[in-house]
Amino acid sequence: MAGTITEKILSRHIVEGEAVAGQEVALKIDNTLTQDATGTMAYLQFEAIGIDRVKTQFSVSFVDHNTLQTDFRNADDHLYLQSVAKRYGLYFSRPGNGICHQVFLERFARPGNTLIGSDSHTPTAGGIGCFAMGAGGLDVACAMAGAPFRIKYPKIVGIKLTGRLNDWVSAKDVILEVLRRVDVKGNVGKVFEYFGEGVKTLSVPDRATITNMGTETGCTTSIFPSDEITREFLKAQGREEDWQLLVPDEDATYDEVIEINLSEIEPMVALPHSPGNVRRVREVGPIKVDQVAIGSCTNSSLRDLMMVAAILDGKTVAENLHLTISPGSRQVVEHLIADGGYASIVRAGARIMENACGACIGMGCAPRSEGVSVRTFNRNFEGRSGTKDAKVYLVSPETAAATAITGYLTDPRELGEAPKFELPKKFFVNDNMIIKPLPEEEAKKVEIVRGPNIRPLPSFEPLGDKLEGKALIKVGDNITTDHIMPAGAKILPLRSNIPEISKHVFEAVDPSFYEKARSYGGGFIIGGENYGQGSSREHAALAPKYLGVKAVVVKSFARIHLANLINFGIVPLTFKNPEDYDRISEGDDLEIAIGDLLGPCKLTNKTTGAVIELEHTLSKLDAEILKTGGKLPWIKKQF
Ligand code: F3S
């Protein structure tokens, strides 16, 4: 039977269920990845399951988020992660080695494999032909224990690429064009699979930029074929043996096709405060800029930074702004130094930051109050930069570098002739910052290091048939996990300490949320469309659960957050009639009859007397997990 790449990979990994769009399937997971901000919780959960060694082909633990060691807490977390990796048979990528997705692409990702990662930009590995999905830490813990990962079998959207990118236009502009067309909602349950002649004009790092930011569409994942270009990339990384040919059959069919002529794409920009708010740079016109930040897992590859270096060469950063550059990996830095790019960047006056997430999660590079920041990152949600009233514009490395020179948002085509760059035939390969798994018997003797920042997991009770409480908060559309559970240098070190981190739930939206939740003994969250978009952080479910949130009732959910709510025993419900959203006010007393959660539910607003019909997309298994009090108590019963 003819097949798309998605169908080919999934058919080799389905262990339960049928390949019918919308139906639940269980997938065997080959690889997992974690980063430190979500990893400590994932490994605490893995330990609680009680398995002796990871059961995946391989799993990797990265430290790239909370790298600032301003006190003992992050350092404690790093040591915990390193000792857990040693004890349970994982690879450990040490702080300083780079951003998880960049390093995974360089050193680990394999075409044809399935990967889940406790980071929403895990689809970056789709650039190499890996079926890679973001997931909550608990799902990653379960996959490490050998459990399959459940998804709704996706609708496959073929994105047909034709033509070739013009000078000054790059992969970031392609994904911004995709976002311009499909926006950030309405894509749950879809896979974006790229095909067509245009694919051959894009390198693996280009493709990875596209699949990385595909996350912002809300889709399950994005994927490219594994072809001769993929083979060349793997060969240059010294691991050609990991390559396999993976292309769609000639007569493969897609549920929907979107055509993009690469030759017609121009430099693009996502305006504040949504990655889907996309325009052509030339249409936006000059805006005075205070800061340019280049890097993140979207645009920190060697190709991107060498382009930036070539643009900055011999120039000086404009007086009215400052420029930061965060390389994606140590391999990228080594090449920048050897190839002269580093010197060009430093001479131009950029601040070179660590090879880590840094500025992307609001650490070390927050703009001034009401500042304008132009970034090559993938998200521009309000407050994510670290400055609540800053305006963040998302662009390509070329547009960012041009802007850094002129001081205002600039279409890079104004700079004249474009620099050229080709990937090396052989990258500098040195894995001395990756600690390999120990043999099983040796690993069993390893002691796990638990500093005072590593606090035990809270435990939760099973759910009854009826949920009661107050509407603790009522929020609008497109609430992100950053709104629910903020990140940033102050909060990130609390990721292994649920009682402490829960004090910050919704703090930017309603600073009294914590006190209200405590004094009412929990209750409900009411929301609009696309609730929980953004990062995969399970703390956005775990911390509200700790505060007694029993159900979230909204118009629609983002996929990963929906799964996280189920994992932590919070019932995710949607309004049958979206206009019923208006029949609940903050502070109302509510009662939701959930029964066995196999059918629709009824909400009674005891304050107004209104009766509201609710729906859900829970499977039988989801219902069982919720009723048991969440996935951890449920999975413990399975082993
Ligand atoms: Fe890190 Fe930002 Fe990517 S936090 S993993 S660089 S989205």
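Tutor: In this predicted model, the open sheet consists of six strands in the order E7-E6-E3-E4-E5-E20, and their pairing is mixed. The edges are held by strand E7 (131-134) and strand E20 (434-435); each has a single partner strand, so one side of each is left without a neighbour in the sheet. Within the sheet, strand E4 (residues 58-62) pairs with strand E5 (residues 91-93) in the parallel sense, over three bridges. In one of these pairings, Val60 has Tyr91 of E5 as its bridge partner.

Helix H4 (residues 100-107) packs on this sheet, where it touches strand E3 (31-34), E4, E5, strand E6 (114-117) and E20. The direction of H4 makes about 145 degrees with that of E4. Helix H5 (residues 137-144) lies across E3, E4 and E6 and runs at about 140 degrees to E3.

The largest nonpolar core has 100 residues, and Phe506, Tyr531 and Ile592 have the most contacts inside it. H5 supplies the largest share of this core, six residues. Because domain 1 (5-264) and domain 3 (466-488 + 496-638) both give residues to this core, it lies between them. Leaving aside residues up to four places away in sequence, Ile592 touches a set of residues including Asp465, Phe524, Val553, Leu573, Cys601 and Leu614. A second, separate core has 58 residues, among them Phe104, Ala132, Leu271 and Val372.

Notes
Residues numbered from 1 in each chain as written. Predicted model: local features only at pLDDT ≥ 70, side-chain atom pairs only at ≥ 80, totals over all residues. Heavy atoms only, no water. Pairing = 2+ DSSP bridges. Helix = DSSP H or I, 4+ residues; strand = E, 2+ residues; numbered from the N terminus. Contact = heavy atoms within 4.5 Å. Axes fitted to C-alpha atoms, helices over the stretch in contact; angles between N-to-C directions. Core = buried A, V, L, I, M, F, W, Y, C linked by side-chain atoms within 4.5 Å. Buried < 20%, exposed > 50% of the residue type's maximum accessible area, 1.4 Å probe, protein only. Domains from an automatic or database assignment.
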